[in-house]
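Biologist: Let's go through this model term by term. I will ask what stands behind each label.

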Amino acid sequence: MLKDMDKLVSLCKRRGFLFQSSEIYGGLNGFWDYGPLGVELKRNVKEAWWRDMVTGHDDLATLPGAPESFDMTGLDSTIIMHPQIWKCSGHYDLFHDFMVDCRESKKRYRHDQVRGRWVEAKGKKIFVASQVGGDEGLAETEQKALKFYNLRAKNAPELAWDGPLVSLTTVQDFSQVLGPDAKELGTLTEPREFNLMFKTYVGALSGEEGAAFLRPETAQGIFVNFKNVLDSSRVKIPFGIAQIGKSFRNEITPRNFTFRSREFEQMEIEFFCHPASSPAWYQFWRNRRYKWYHDMGLAGERLQLREHHTEELSHYSCGTADIEYAFPFLPPGEYGELEGIAHRGDFDLRSHMEGKLDPHSKPDLKVELDADGKPKHRGSGKDLSYFDDITRERYIPHVIEPSAGADRATLAFLCEAYQEDSVPDENGKPRERVFLKLHPRLAPIKAAVFPLVNKDGMPEVAERIYRDLKKSFVSFYDAKGAVGRRYARQDEVGTPYCITVDGQTLTDQTVTIRERDTLRQWRVKADDCAAEIRGLLEKDL
Ligand code: GAP
């Protein structure tokens, strides 16, 4: 299991998985580029999701745990949409975080992400803040407190700590706070709202009339196309619409590699169903999505399904669960969100019909009114209800939303896959090895082909196998360096199979196949090799 995140970050840069965006200009915080291998890995994550959820979905069968059979369709909506969409969805008024600024260090922090501890020494009690949690946070706050009180390390027992690390949101009086990067007390400003949507201007109009937003989620594109999909395809409720695409959030503190970025990709499903069966569908999607990550290789103990407490639920939600992963950059015992599965009721379809709903009007959400008693943000006025021609019932469908992040899933798969072990080299001596134990469906390269030496007819056989494999899979040809080095290079990027053409090939026309995880080697006829690899991979695909 990966403990030191720096090892993975360095492998990702060295082998072309991930680069900082605009690196030659010093980089841009919160933006990441996927290199030659990274793009293959992320495409595989998205393709596995699309195939398992959409194109490969068996609409004739009732899946285990599902109340009945259902249809799935896809969609690709635009990133910039009518600005009214964000007003009705609530993002315009409510999609913000609270930030605090430090007058001394000029740094900006997300209010709820700053933690700290109360401590007293020399007759003065202060709150020492830090951006990290766990043992690292405890060590950092101690160092900062010693410095503040002008004490040596041996005087640490003079520090009287009052309680564990707690969030800055629990602190009322900021004059007693020592900011995460400050030397003086009371340099943090009061928390201020900060809308996370990126604003842009459409066409030649640069004023508010032309203002629009880069979407902060792909979901709204699905809701506003609900009627189009219904009218243009023969789907009937229950059915789901899936979409993969870029989303943008002007995060206050992007961090932890790609985990919190400002530009990222989401893989979202809006599943429309009858209100009466929606709790059962919620359970089905929660369990199905959890199983998907498990089947794709995330180990049980680092993956968890966490049901939200009632007080954590969004104003529209009757149930929400997060699928979380214990990323190595988090303190022990903490998990980061991979995907949220939310029961959203009829909130979204009604908002786009009637106008923005008042979040405080629970349980029967009502349209939020302005001072003149008119809708604060008017809906489309279009009828988004559904008519069931068998039961003759008309209703507004309820929605279950499994909403995943392609970048977070890719990062979790990379963290989980990173392994170190020791293998014998050509001379039988132990050699340290780094390998990515990626699920074969996710591996950027499926097979690599090596001629042992670049002569004696070996390259010809190897090239033929390589060309054959390339018709079906991303494959790699490598004729350079010692064969042990070539294996090591493929292990490091997670290639499940390597094929070597050697001296024996010329006498009996067989080649060696080597398996990444077990190091098992076996010989097959060169002419059967591509079919053998295809067979091995297809059992996983
Ligand atoms: N439509 C619901 C929605 O967008 P969300 O929990 O805000 O819900 C869904 O986002 C998923 O998108 C998250 O579980 C995460 O995987 C991904 N995500 C959200 N913000 C992200 C960010 N700043 N960087 C990378 N991924 C992010």
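Biologist: Why is Asn-225 called buried?

Modeller: Buried means under 20% relative accessible area, with exposed over 50% and partly exposed in between (1.4 Å probe, protein chains only). Asn-225 has a relative accessible area of 18%, so Asn-225 counts as buried. This is a predicted model: local features need pLDDT of at least 70, side-chain atom pairs count only at pLDDT 80 or more, and totals for chains, interfaces and linings use all residues. Residues are numbered from 1 along each chain as its sequence is written, and side-chain values use heavy atoms, with hydrogens and water left out.

Biologist: Where does Asn-225 lie, and what does Asn-225 touch?

Modeller: Asn-225 sits in the loop between helix H6 (219-223) and helix H7 (226-232). Helices (H or I, at least four residues) and strands (E, at least two) are DSSP runs, numbered from the N terminus. Leaving aside residues up to four places away in sequence, Asn-225 touches Leu-75 and Ser-77. Contact means heavy atoms within 4.5 Å.

Biologist: How much of the chain is buried?

Modeller: Of its 541 residues, 52% count as buried.

Biologist: What makes a set of residues a nonpolar core?

Modeller: The members are buried Ala, Val, Leu, Ile, Met, Phe, Trp, Tyr and Cys residues, joined through side-chain atoms within 4.5 Å. The largest such core has 59 residues; Trp-285, Tyr-293, Phe-327 and Phe-413 touch the most other members. Helix H10 (residues 406-417) gives the most to this core, with eight residues. A second, separate core of 22 residues includes Ala-462, Ile-465, Val-501 and Ile-513.

Biologist: Which residues does Phe-327 touch?

Modeller: Not counting residues up to four places away in sequence, Phe-327 touches Phe-259, Gly-336, Leu-338, Arg-408, Leu-411, Ala-412 and Cys-415.

Biologist: What makes a site a pocket?

Modeller: On a 1 Å grid over the protein atoms alone, a pocket is an open set of points where a 1.4 Å probe fits, with protein on both sides within 12 Å along at least five of seven lines. Lining residues have an atom within 4 Å of a point. The second largest pocket is lined by 16 residues; Met-53, Arg-288, Lys-291, Trp-292 and Asp-295 lie nearest its centre. Helix H2 (36-55) and helix H8 (278-295) are the elements that give two or more residues to this lining. H8 gives the most, with seven residues.
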